[in-house]
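Please examine the structure shown below.

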Amino acid sequence: MDPRVITQEELANATRFGDFIPVYKVDAVTVVKTGDSVRLAEAAAMRLVREKTTIPVPEIYNAYTDNTTGHVRIVMEFIEGDCLSNTWYQYDAQQKEHILQQLHDMFSQLRNIKGTFIGSVDESACEDPLFEEDIGTYGPYKDEASFYQGIITALKNTLESGWVDTVCAMVGALSGHEIVLTHGDISPRNILVRDGKIVAILDWEMAGYYPEYWEYVKALYRPAWESEWIKDRAVDRVLQPYLMELAVFLHVHSVGAW
């Protein structure tokens with residue numbers, strides 16, 4: 001059976017999930033994610049997670065670049081469920097704990113998949129990948145030190161000040177972390193639940209191999225601070241906290257370069 005290819009007509013008639021969401025429901029069992037910001041790396045990450053873990057991830061039917069638009073199209077399984085951001089406040093303490101334990105087990109599996117560089121999953125398919133000194137500050141990076149040097153370069157290109165120099169020193173002081181597979185955008189909006197069970201983790205566009213604290217830092221980088229999810233300290237119960245690293249990257253964010 002040939003891989004599923006979505007025609008322009010099918011896409012035009014599909015139901016979009018939201019104005020700023022590049023995902024369309026094509027039929028009862030199929031969705032397609034497509035747009036100028038969609039990358040094949042997302043499909044590579046999802047396939048890896050399905051292969052190496054028990055984390056529920058939609059099955060990929062096809063991933064390709066459309067010849068007409070030049071946009072990547074990821075054709076995948078539609079999974080019925082409620083967005084956790086819409087249901088979390090409805091749960092009692094026991095139900096919340098059940099959800100958090102499921103998430104803790106899932107993300108522990110990701111932490112057990114190690115990387116040999118920092119960057120997108122699809123870079124691992126390259127026999128001789130170009131690292132940051134060849135392609136700029138966006139990676140991939142051959143190790144943790146070069147990753148931080150890329151961040152420092154971005155900071156200094158944004159602003160020159162004593163504060164920036166101090167933040168750069170903070171970043172440069174980080175070291176000694178394992179490089180692990182990371183979702184990169186874990187949030188209730190990216191978690192589907194049904195009958196108290198997590199049925200899908202969505203939106204792997206930020207996934208890749210990053211320092212072990214990256215999942216925690218990204219989960220608390222720009223959250224809805226007044227949401228019940230944050231007030232319940234859910235992130236700290238799902239992931240190992242890295243408070244010092246979080247403090248450093250909140251300062252990085254204050255400069256506006258990352």
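This is a predicted model: local features need pLDDT of at least 70, side-chain atom pairs count only at pLDDT 80 or more; totals for chains, interfaces and linings use all residues.

The largest nonpolar core has 70 residues, and serine 120 counts as buried at 11% relative accessibility.

**Helix H2**
- Helix H2 covers residues 40-52; at 1.5 Å a residue its 13 residues should span 18 Å, and the 19 Å between its end C-alpha atoms agrees with this.
- Its buried residues are Ala41, Glu42, Ala43, Ala45, Met46, Leu48 and Val49.
- The cover over these buried residues includes helix H4 (93-111) together with strands E3 (30-35), E4 (60-65), E5 (72-77), E7 (179-182) and E10 (208-211).

**Nonpolar cores**
- Within the largest core, of 70 residues, the most contacts are made by Leu103, Phe147, Leu155, Trp204, Tyr213, Trp229 and Phe249.
- Helix H4 supplies the largest share of this core, six residues.
- Domain 1 (8-77) and domain 2 (82-255) each contribute at least three residues to this core.
- Another core, of eight residues, lies apart from it and has Ile6, Leu11, Ala14 and Val75 among its members.

**Serine 120**
- Serine 120 is located in the loop between H4 and helix H5 (132-135).
- Serine 120 counts as buried because its relative accessibility is 11%, and the cut-off for buried is under 20%.
- The side chain of serine 120 forms a polar contact of 3.2 Å with the side chain of arginine 39.
- Beyond neighbours within four places in sequence, serine 120 contacts Arg39, Ala41, Ala207 and Gly208; of these, Ala41 is one of the buried residues of H2.

Methods:
Residues are numbered from 1 along each chain as its sequence is written. Side-chain values use heavy atoms; hydrogens and water are left out. Helices (H or I, at least four residues) and strands (E, at least two) are DSSP runs, numbered from the N terminus. The expected span of a helix is 1.5 Å times one less than its number of residues. Buried means under 20% relative accessible area, exposed over 50%, partly exposed in between (1.4 Å probe, protein chains only). Contact means heavy atoms within 4.5 Å. A nonpolar core is a set of buried Ala, Val, Leu, Ile, Met, Phe, Trp, Tyr and Cys residues joined through side-chain atoms within 4.5 Å. Domain bounds come from an automatic or database domain assignment. A polar contact is a pair of N or O atoms within 3.5 Å; within protein, one must be able to donate a hydrogen and the other to accept it, and residues adjacent in sequence count only if both atoms are side-chain atoms.
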